[in-house]
Amino acid sequence: MTTENGFFVNRVAVIGLGLIGCSWVKGLRVRGGVGEVIGFDRNLDSMELACQSGIIDRYAASPAAAVENADLVIVSVPILSIRPVLEALAPALSVHAVITDVGSVKGSVSADVKAVFGETFGRFVLGHPIAGSERSGVAATDEHLYCRHKVIITPETYTDPQALQLVTQAWLAVGAEVESMTVNHHDEVLAATSHLPHLLAYSLVDTLANSHENKEIFNYAAGGFRDFTRIAASSPEMWRDIFTANRDHLLATLDLFNKDLQQLREAIVENDTTTLMGVLTRAKAARDHFSNILARRAFVEPMKTSSLSYLVQPAQSLSGTFRVPGDKSISHRSIMLGSLANGVTEVTGFLEGEDSLATLQAFRDMGVVIEGPHRGRVTIHGVGLQGLKAPANALYVGNSGTSIRLLSGLLAGQQFDVEMSGDESLSKRPMGRVADPLRLMGAIVDTEDGGRPPLKIKGGHALKGIHYHLPMASAQVKSCVLLAGLYAEGQTSVTEPAPTRDHTERMLKGFGYDVQVNGSTVTIQSGGELTATSIDVPADISSTAFYMVGASIASGSDITLQHVGINPTRIGVINILRAMGGNIEVMNEREVGGEPVADIRVRSAQLKGIHIPEDQVPLAIDEFPAIFIAAACAEGETVLTGAEELRVKESDRIQSMVDGLNVLGVAAKGTQDGAIIPGFGANGCFGGGVIESHGDHRIAMSFSMASLRAEAAIIIHDCANVATSFPGYVELANNAGLQLEEQGEARGD
Ligand code: S3P
């Protein structure tokens, strides 16, 4: 018999019959991975109990007797007992035996192994399972203890590959995930993630128990005390050993913590609520992130899939009145300018999508105190144009092109170096378009080959104003240069080849910064300052586009989209759908915080194919995936030209859409700068099929709308990134009339 991964070892000796060693051998045993198990423990009762409970077959009188003829020896004794145990068993160890341990500190065990077996003994594999419980001893044995838990192996350069393989397989056999790192790194990481928290828990309980009436504490210190100090009920001997064995790393992390604690103390003394909020909000964000990771891990195993798909059944029509989430472009900019303003900026309607949250996190990482988001409300404690601090690590902006491109402009003007990276899709997108003008301004910007992220920006280089002619119609590049212009000597101006979204210009003005707009040229002068304000983010017209298209193509539809931003540089989708015969009514036009807003009613209409006017392309740049779906349902052919920018979005949107339409039976063709889409008209429909969204949120949402005119189910792969721009999409879409079901995992690790 072997385990599921084909593991079998004839004889295992386990020295130390506690929770950790017993759970491993029991796990092997119940899965058929071991022939015979011999145990040793200095406590006779433990040995007898282990025997009675079938964890070991027999026990031995000494460590040496236990390891005779063993193929695998597991040493699971407290850290400081490891050396005497190794000395005791060494003479009896057979020449082929592989030996491993489970200690929480690896440096000290490595030294013990060297002392006992010599400098380059290859058959000892150092390991550490990250699992356990406050319960201990044979009685707590749990054969599932290691399922989906990490085990860290810290091989030395001279570790025998076969020995490493055996120990790795023995862990995999009991359901563990095995990772490898150096001894030093392990001890450093564990000092921070495990040893310091235990030290603090013990210390807090001791302090409180000594300085107050015991009864008071234990009667009233419920939630917080209980949660924080749970681990102080662990074995004191074990932790004494760990603290002693990992002395240097533990002291380093303790000193860091002490310093930060002093700062918190200072903030309380000074009534400095901003610093307090800074620590609390940053910590909450980090803890929430951690909870998400934990929640996902629990989800991964049973689903056995690595990404999220949509299964969309044919649906009839859309109806209802709703408000889609906040505008992504405006949300990004609200965080950026709010952070650089003097004073406190209140944002409402903020998009709680992954892209804008990436920007928010980046500013937190640069020391800005940001409260929220909570139901779209964010409070930003601005630090002024010169107030950002160097982040401790590279800024990670996920899928967000807007974050990396706009931030690169701002960061070029700072005194500190910074690196920005993103996910797989972002890592393929062109950044030369921002690096080039920034270099002209005197910035030092490094990219990977082909001008791809990560971007490395050197701080402390004086920028000078330039006049830049944008080589492409891009609001991101325009904004990048203008934001760098806040820090550049003199005047910075940008001329664009066609109008692009002007949220940066509008919002700069909203923060009291002088911006001159003259035809297609925008100019700013450095030396001003931003003054905090309130921002009401309207609903994102780009997110309404899917619904506008859905309602247009599905007969009997009637929807009203509320509080939609209808900035003239964003309304290409309305203009194009109207030109195709769409029935779109713009109602209750008003202005909110410098941006025009309206409610939009869309009813079904028979669309007709058109040649999309090129001047509308930049005004509808994010809406083409949805417009392609509309075009396929139109009477006659739709031709798109002048849209090569679509090839460098979150995916190559021309290719992704043409491929998907082909799968659904529409003979669309891509061209270098657009596409030709034959429409099937009033009597036609899409077939069913499997679509690849290539992780592009807008491709995924667009094809879900095709179900309103499909004769069979559509499956769309790789949809997790819908969360970048449209949290709650599935629920809203189903409320409006789609029949959309999620399948698989929300996001890969
Ligand atoms: C954006 C500008 C556009 C758009 C993107 C958001 C912005 O990109 O596609 O989703 O917020 O400035 P380009 O400037 O690259 O066209």
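An oxygen atom of the ligand lies 2.7 Å from an N or O atom in the side chain of Lys 649, and such a pair is a polar contact, defined as two N or O atoms within 3.5 Å. A ligand oxygen is likewise 2.7 Å from an N or O atom in the side chain of Ser 474, while a polar side-chain atom of Asp 622 is 2.5 Å from an oxygen of the ligand. Of the 380 Å² that the ligand exposes when taken alone, the protein buries 95%; these accessible areas come from the Shrake-Rupley method with a 1.4 Å probe.

This is a predicted model, in which local features need pLDDT of at least 70 and side-chain atom pairs count only at pLDDT 80 or more, whereas totals for chains, interfaces and linings use all residues. Residues are numbered from 1 along each chain as its sequence is written, and side-chain values use heavy atoms, with hydrogens and water left out.

Which residues surround the ligand? They are Ser 329, Arg 333, Thr 402, Arg 405, Ser 474, Ala 475, Gln 476, Arg 501, Ile 621, Asp 622 and Lys 649, a residue being counted if one of its heavy atoms lies within 4 Å of the molecule. By class, this shell holds two nonpolar, four polar and five charged residues. Domain 3 (311–317 + 538–747) and domain 4 (329–536) both contribute residues to the shell, and the ligand therefore lies between them; the domain bounds come from an automatic or database domain assignment.

Along the backbone, a cis peptide bond with omega of about 5° joins Gly 372 and Pro 373, and Pro 373 belongs to strand β13 (residues 369–374), strands being DSSP runs of E with at least two residues, and helices runs of H or I with at least four, numbered from the N terminus. Another cis peptide bond, with omega of about 0°, joins Pro 453 and Pro 454, the latter being found in strand β18 (residues 452–458). Asn 271, although not a glycine, has a positive phi of about 60°, and Asn 271 is located in the loop between α11 (247–269) and α12 (273–303).

Notes
A polar contact is a pair of N or O atoms within 3.5 Å; within protein, one must be able to donate a hydrogen and the other to accept it, and residues adjacent in sequence count only if both atoms are side-chain atoms. Ala, Val, Leu, Ile, Met, Phe, Trp, Tyr, Cys and Pro count as nonpolar, Asp, Glu, Lys and Arg as charged, and the others, Gly among them, as polar.
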